[in-house]
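I opened a new notebook page for this structure.

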Amino acid sequence: MALTLQQKEEIFAVIRDLQADGLNRKAVVDVLIDDHEISMASAYRYWQEAQPKDPQPLQDNPGKIALEALLDLLRAAQARDDTEAVQSLARDIANISAKLKLTCI
């Protein structure tokens with residue numbers, strides 16, 4: 001079932017609130033699925049649509065693609081309490097950030 005524009009805006013507000021509370025993408029999607037009865041595919045699509053638009057798309061920035069992938073892996077390692085993987089990924093993220101001249105992520 002397609003959502004009305006108002007319902008979609010309400011979902012976007014929920015997403016922004018959950019992200020402000022520190023929830024990552026997977027946790028936000030899980031809340032949308034469980035609490036708002038949205039399908040998994042729609043939940044991921046709404047999460048993506050709710051994100052601020054980046055002036056430089058990912059396909060134009062391979063370094064950012066790598067960094068985003070490493071951040072996803074880091075979050076997964078943190079969720080399963082894999083200290084060794086967290087440390088290794090944190091080093092990789094720091095190295096890529098330095099090469100991209102990023103001071104914060």
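These entries follow the order in which I looked things up.

**Entry: the model**

I noted at the start that this is a predicted model.

**Entry: helix H1**

I began with H1. H1 has 16 residues. From first C-alpha to last it reaches 22 Å, close to the 22 Å expected at 1.5 Å a residue.

Which residues of H1 are buried? I found Ile 11, Phe 12, Ile 15 and Leu 18. They cover an arc of only 125° around the axis, so they sit on the same side of H1. I then looked at the face turned away from that buried side. There I found the exposed residues Leu 5, Gln 6 and Ala 20.

What do the buried residues of H1 pack against? They pack against H2 and H3. Just after H1, I saw that Gly 22 takes a positive phi of about 95°.

**Entry: helix H2**

I moved on to H2. H2 has 12 residues and reaches 16 Å between its first and last C-alpha. That is close to the 16 Å expected at 1.5 Å a residue.

I listed the buried residues of H2 as Val 28, Val 29, Val 31 and Leu 32. Their arc around the axis is only 155°, which puts them on the same side of H2. These buried residues pack against helix H1 (5-20) and H3.

I also checked both ends of H2. Asn 24 caps the N-terminal end, with a side-chain oxygen 3.2 Å from the backbone nitrogen of Lys 26. After H2 comes Glu 37, whose phi is positive, near 55°.

**Entry: the cores**

Next I looked for nonpolar cores. The reason for looking is a general one: in soluble globular proteins, nonpolar side chains tend to be buried together.

The largest nonpolar core has 13 residues. Ile 11, Ile 15, Val 28, Leu 32, Ile 38 and Tyr 46 touch the most other members. H1, H2 and H3 are the elements that give two or more residues to this core.

**Entry: charged pairs**

How many salt bridges are there? The count comes to six. I looked into several of them.

In the first entry, Lys 26 and Asp 30 meet through their side chains, at 3.3 Å from N to O. Both lie in helix H2 (residues 25-36), four residues apart, about one turn of the helix. Lys 26 is partly exposed, at 48% relative accessibility. Asp 30 is partly exposed too, at 29%.

Then I took Glu 49 and Arg 45. Their closest N and O atoms are 3.8 Å apart in a salt bridge. About one helical turn separates them, because they are four residues apart in helix H3 (residues 40-50). Glu 49 is partly exposed at 31%, and Arg 45 is partly exposed at 40%. Lys 8 joins Arg 45 and Glu 49 in a network of salt bridges.

Last, I checked Asp 82 and Arg 80. Their side chains form a salt bridge at 3.6 Å, N to O.

Note on methods: Residues numbered from 1 in each chain as written. Predicted model: local features only at pLDDT ≥ 70, side-chain atom pairs only at ≥ 80, totals over all residues. Heavy atoms only, no water. Salt bridge = Lys/Arg side-chain N within 4 Å of Asp/Glu carboxyl O. Buried < 20%, exposed > 50% of the residue type's maximum accessible area, 1.4 Å probe, protein only. Expected span 1.5 Å × (residues − 1). Arc of directions from axis to C-beta. Contact = heavy atoms within 4.5 Å. Polar contact = N/O pair within 3.5 Å; in protein donor to acceptor, adjacent residues only side chain to side chain. Core = buried A, V, L, I, M, F, W, Y, C linked by side-chain atoms within 4.5 Å.
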